[in-house]
Amino acid sequence: MCFISLSGIMELSKHSHIYLLLIVCFFTFFIHNDVLYTDIMESRNIVTAREMVYEGNWIIPTMNGELRLEKPPLPTWIAAVVESVSPDNMGMQRAMAGITATLLAFLLYFWGGRLTGNRQYGLISALILCTSFNFILMGRTATWDIYCHAFMLGAIYCLFGAFEGKGSQYGRFIGAGILMGLSFLSKGPVSFYALLLPFLIAYLLIYRPSARKKGKAILVMILLMIVVSGWWYALIYGLYPDVAEYVLNKESSSWVNRNVRPWHYYKTFFLETGVWSFMLLTALAVPYWRNRIKYNKEYLLMVFWLVFQLILLSLLPEKKTRYLLPILIPSALLIGHLFIYWIQQLKERRLSANDKMIYRINTLLIGIAACAIPVAFCFIYKQIPFSLWLLIPGCLVFALFAFLILMYGWRIKPLAFIWAVTGLFISIEVIGMRPLAPLFNNPDMKSIAAIRQVEEAWSLPFYHNGEDDLRIEIVYAAHKKITPIDPTDQEALMQAAPLVLLTQGNIAEIIPDSIREKFDINSIDQYDNNRWKPGHKLHSSIFVHDVNILRLKEQTR
C-alpha cells in the first residue's frame, strides 16, 4: 500500500522529512484558507493594519481612528506589509499565520529530534501537531496567538540547546533573548506565562540544568529580551503616559474580571487536540508508561510541562479555549512517545497483549470517527447541494482513508496509521473546505462591503449612531473609518454634513422630525453582515444597518 512505502520515508534522510513536512504544512494551512468570513479578531488586526498603511500610524497604532495599544504591534506590522503589497487579500493575510504555524511545526520537529536523538520522533510529533484541531484553526487565522507561541517555542529550543551544550553558549542565549522579545511584541506576556514558565519549572525539576560558565550569556539574553520586548512600550509610555497606564490597568484587570470561569473550566483540555483527544489521555497514564517508554526523561518533561500549563492557566480567572493553544505543543510530543514506543516494540517483537489492546482501542476510535466523514459529506450535500463531481470522488477518498485508518489500527502499523490520518486531514482540506464553507458562512449575506461601489457615498465621511455598539467587522467590511455621532444633535450633524450615517434601525425613528426636515436624506440600502441567516438563533440585529446619505438642504445652509 502507498502508506507503507510512505512510512518507510521516515527512516530516510533529514531532507526527506523536511520535504514531507513542507507538503503537509502546505495543505494544512494554505489550501482554501480564504473561504471563511473574517472573524472579530482578524477584523481588529486588519483594520489596525490598514490605518498603519493608509494613515501612516505605524508606530502609534489606531483602530477605527482610536488608539489601539491593547495589543503589541508585531503581527499587525506583518498584516500592514501584506496590505501594502496586496490590499484586501485575506488569503495572503492568513498565509502569514500559516507560515508562522509552519515555522512552529518545524521547530517541534527539530527539537523533538534533538531531545531524543531520534528524527522519526520529531516528525511523528510534528504530524500530530499539524492534525490537531486548534493548531489548524490558528494557523489559518490572521490573529496574534500563533506568532507569540511560535517565537517562544524557538526561544525554548535555543534555551534547551544552550543549557545542554558545553561552554557559555552565547549564540543560543542571544537567539533565545531575541525570540522572547519577539514573542512579547506579538502578544505581551501571554506566551511567557502559558508556555515558557511551565516549561522552565518542568525542565528544572526533571533535568536540573547547570548554569556554570553561562552566567554572562544569560545576562546578555535577559538584556536583549528586555530591549526587544520593551522599546515600543517605552515609546508609547513616553508619548501617551496616561493612555498607556489606562490600557495597562485595563488589560491586567481583564485577566481578573473578564470572561471569568471556574478553576476547572479547562477540564476538557484534551479535546483541543481533536482526533488525538483519547490518545492524549492515554499518554498521560504515567504509572503505566514511565518504565516502558525508552526516552523516559523526555517523556516526563512533557508530562510535567503540560500539567504545569494547566495549573497556571487554571489559576487565572479569565479563561478562553483558545488560550489552550500552547498546550498542544507538549501534547503532540507526548503522543509522539507512544508511537515511538509501539514502533520499537514491534521491531523487537516485544509488543505485549496489553500494548496491542491499548494501541487498537486508541486507533480504532479514530477510525470509527473517520468513517463518519463520508456519511457527513453526503448529509451536507443534501443540505447545501454542490457538484456531484465533487461529492462522489470526495466520499470515495474519505472512505478510502477511513478504511486505511481502521486497517492500520487493527494490524498495528503505527507509521502507516499516522500517514493515513494525515492523508485524511489533507483530503478534507483539499476536497471539503470549499463545499463546507456555507455551513459557517451565510451565502445570502448582504455585506456592507457593497458600499464601496456606491460612488456618491464612498467620498463622504462615515458615521454611526453613537448610541449603538459598532462591531469592528462592519468597519473591516466597509473599509472606512466610522466615527460615532449623536443623531439627535442637530449642530453635530450639520457640521459633519454631507455624511454617510449608519443606524441600527429606521432613520426616521432615530432622528427627530425637526432635525430631519433640515436634510436631504438619500437611502442607500439596508445591509446585513450576519454570518447566520435571519431566523437563526445567532442572527443579531447588531450587524444590520440602514445606510443613508445626509446633505443639508439649500435653505438650511
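Author: Helices (H or I, at least four residues) and strands (E, at least two) are DSSP runs, numbered from the N terminus. This is a predicted model: local features need pLDDT of at least 70, side-chain atom pairs count only at pLDDT 80 or more, and totals for chains, interfaces and linings use all residues. Residues are numbered from 1 along each chain as its sequence is written, and side-chain values use heavy atoms, leaving out hydrogens and water.

Reader: Where is D88 placed?

Author: Most residues other than glycine have a negative phi. D88 is not a glycine, yet its phi is positive, about 55°. With a relative accessible area of 36%, D88 is partly exposed (buried means under 20%, exposed over 50%, partly exposed in between; 1.4 Å probe, protein chains only). Its place is the loop between α4 (74-85) and α5 (90-116).

Reader: Is H479 buried or exposed?

Author: H479 also is not a glycine and has a positive phi, of about 60°. It lies in the loop between α21 (472-478) and β4 (482-485). Because its relative accessible area is 18%, H479 is buried.

Reader: What is omega for the cis peptide bond that joins A497 and P498?

Author: P498 sits in the loop between α22 (490-496) and β5 (499-503). For the cis bond between A497 and P498, omega is about -5°.

Reader: How far apart in sequence are the parts that F160 and Y203 tie together?

Author: F160 and Y203 form a tilted aromatic pair, 5.7 Å centre to centre with 55° between the planes (ring centres within 6.5 Å, using the six-membered ring of Trp; planes under 30 degrees apart are stacked, over 60 edge-to-face, the rest tilted). Both residues are buried. F160 lies in helix α8 (residues 145-164) and Y203 in helix α10 (residues 190-206), so the parts are apart by 43 residues.

Reader: Which class does the aromatic pair of W232 and Y233 fall in?

Author: W232 counts as buried at 1% relative accessibility, while Y233 counts as partly exposed at 30%. Their rings are 5.1 Å centre to centre, with 80° between the planes, and the pair is edge-to-face.

Reader: How are α6 and α16 oriented to each other?

Author: Helix α6 (residues 119-130) and helix α16 (residues 328-347) pack with their axes 8 Å apart, at an angle of about 130° (axes are lines fitted to C-alpha atoms over the stretch in contact; angles run from 0 to 180 degrees between N-to-C directions). Angles under 35 degrees are roughly parallel, over 145 roughly antiparallel, 65 to 115 roughly perpendicular and the rest oblique. The two helices are therefore oblique.
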